[in-house]
Amino acid sequence: MTNAEARHVFLARHGLAGPPTGPAERETVAGTIAALGFVQVDSIATVARAHHLILYARHHRYRPPVLSRLFAERRLFEGWTHDASLIPMEFWPYWRRKFRHAEEVTHARWQARFGHELDEICDRVLAHIAANGPTLARDFESEGGSAGWWNWQPAKVALEFLWRSGRIAVCHRDGFQKVYDLTENIVPATLLAAAPDDAAIVDFACEAALGRLGFASPKEIADFLELITAAEAADWCTHHRERLIGLAVTQADGSTRPAFALADAPPVDTLAPTQRLRILAPFDPLVRDRTRAERLFGFHYRIEIYVPQPKRRYGYYVFPILEGDRFVGRIDMARSGGTLAVAALWPEAGVRFGAARRRALDAELTRMARFAGVDGVTYAEGWLRA
């Protein structure tokens, strides 16, 4: 597989090969999330929250209330992949293994921090939710002050532990604060009753990853949903060769890497992606696996929110810019004073932002400003960097 073919397949599987047009109602958005496998949830909203930007990049008519309605209809659940994500509800039974793992691994660590009272705290938190319904962590702030087991911090830890272990679920968010309820009040009974064994979970995880990535190594398969280990993915590939085809995928630097693809859904060379310029969220599925994105596109991208400001190469929250099948730059922008303020744009090596590309950028930023609910776009002096 040539590098161009690999990039085209990867873009197509991520819903970024065609223009971001057409309807963006519930069925369309639900289908997009299912096709992606999940949408990462993120709290930072310099322009808009990442989960909304991910969907907007694929459907410019998308608006956040659509996602809220899908969640209210219990068509999605909030769970953990590599991070907190919105996931199709029908996937929930396959998270049982992750719930078990979280309970085993985190219980000992958190119990060491808070003592043997953690089990009692969890029981009382569950009783509180059962009696009072949907609950936020802050609901415990007035339940006994700073002394004793009902301290807000242990209660918050208990809520997180119970959520990670599947005993409670997020029913919605208040602002960006999780609101929890008992899992049986959120997950449909048929899914609660389903209990796939480890072999079924491994099979699901491998097929889900290959179907959405197009092609992948065992490590990339395992990293996609983080339900299984790389060793389990490699073993699955070894024992299911009749369901797979092997590929040598050319990387951006001209080297090749081995990968597997599903034989009944082989990656094929697609038409060249639209040349539409679009700005992606830092947590977009296309760049979530930074190493894979760098190998395929030659685009080295890291988010610098945790890097001290003097050590940042670019900025706090910088967005990748995709044009056709390549990344042409990254942009530092944020809502400010009723506008979308562009602080800086760094073109990739060999890319020139001439008049045509500037017009495409202006058009994309104008659309994004409208989506973010601000009036227009402003550019800082010297915003276009070398």
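Colleague: How many residues does the largest nonpolar core have?
Modeller: In this predicted model, local features need pLDDT of at least 70 and side-chain atom pairs count only at pLDDT 80 or more, while totals for chains, interfaces and linings use all residues. Residues are numbered from 1 along each chain as its sequence is written, and side-chain values use heavy atoms, leaving out hydrogens and water. A nonpolar core is a set of buried (under 20% relative accessible area, 1.4 Å probe, protein chains only) Ala, Val, Leu, Ile, Met, Phe, Trp, Tyr and Cys residues joined through side-chain atoms within 4.5 Å. Tyr62, Ile168, Ile279, Ile331, Met333 and Leu361 have the most contacts inside the largest such core, whose residues number 68.

Colleague: Which helix gives the most to this core?
Modeller: Helices are DSSP runs of H or I with at least four residues, numbered from the N terminus. The helix that gives the most to this core, with seven residues, spans residues 152-164 and is H7.

Colleague: Why is strand S5 described as largely enclosed?
Modeller: Strands are DSSP runs of E with at least two residues, and S5 covers residues 177-182. S5 is largely enclosed by the rest of the structure because, of its six residues, the number buried is five.

Colleague: Which residue takes a positive phi in the hairpin of S4 and S5?
Modeller: Strand S4 (residues 168-174) runs antiparallel to S5, with six bridges joining them, where pairing requires at least two DSSP bridges. Asp174 has Gln177 in S5 as its bridge partner. Two residues lie between the strands of this hairpin, and the one with a positive phi near 70 degrees is Gly175.

Definitions and conventions: Buried means under 20% relative accessible area, exposed over 50%, partly exposed in between (1.4 Å probe, protein chains only).
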